[in-house]
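Reader: I would like a close look at one part of this chain, the aromatic pairs. Please keep the explanation plain.

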Amino acid sequence: MDRVKHLRSLLSIDRINMEALKKFLEFELFHIGEFQLRVLSLVIIFIIFLVTKLVLLLIKKTIFSRENSKLDIGASYALFKIIKYVIWVIAIGLILEALSVKLTVLIAGSAALLVGVGLGLNRHSTISYLGSSCFEKSLLKLKKS
């Protein structure tokens with residue numbers, strides 16, 4: 001009987017602690033219009049930040065390990081930089097979602113912007129290629145003369 005009473009008292013304490021934890025996590029720090037910043041949002045942001053740093057650390061150790069690396073140090077560094085940027089963009093997207101920012105509007109706006117950037121880079125690469133080929137032809141003419 002004593003064990004049953006002791007178990008019930010522990011369960012009631014756990015229930016009280018869970019309710020207190022829930023109230024703490026749902027505590028609203030401030031709000032502006034429809035935006036609300038709660039303790040839970042900050043905890044989620046902190047967890048996303050920590051997981052991102054941990055994943056990047058593991059990837060860095062894997063890429064720069066000399067035992068099984070077939071890449072030179074420059075290629076490894078460039079590969080890590082690209083992976084790092086992609087992971088941070090994903091992490092920032094998750095953080096914005098945790099803050100209840102609608103990413104669909106940002107993605108739609110950035111899609112139009114990125115199409116323009118892509119067209120500009122395409123034109124730039126075409127001009128660069130044509131310019132370099134013209135430069136090579138002029139060098140060949142100079143060598144023949």
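Author: The chain has 4 helices and 2 strands, where helices (H or I, at least four residues) and strands (E, at least two) are DSSP runs numbered from the N terminus. This is a predicted model, in which local features need pLDDT of at least 70, side-chain atom pairs count only at pLDDT 80 or more, and totals for chains, interfaces and linings use all residues. Residues are numbered from 1 along each chain as its sequence is written, and side-chain values use heavy atoms, with hydrogens and water left out.

A pair of aromatic rings is described by the distance of the centres and the angle of the planes. Rings of Phe, Tyr and Trp (its six-membered ring) pair if their centres lie within 6.5 Å; planes under 30 degrees apart count as stacked, over 60 as edge-to-face and the rest as tilted. By this rule there are 2 aromatic pairs.

One joins Phe-49 and Trp-88, with centres 5.8 Å apart and planes at 45°, which is tilted. Phe-49 belongs to helix 2 (residues 39-63) and Trp-88 to helix 3 (residues 73-98), so this pair ties together parts 39 residues apart in sequence.

The other, Phe-64 with Phe-80, is edge-to-face, at 6.0 Å centre to centre and 65° between the planes. Phe-64 sits in the loop between helix 2 and helix 3 and Phe-80 in helix 3, so parts 16 residues apart in sequence are tied together.

As for cover, buried means under 20% relative accessible area, exposed over 50%, and partly exposed in between (1.4 Å probe, protein chains only). Phe-80 is buried because its value is 9%. Phe-64, at 23%, is partly exposed, and so is Phe-49, at 39%.
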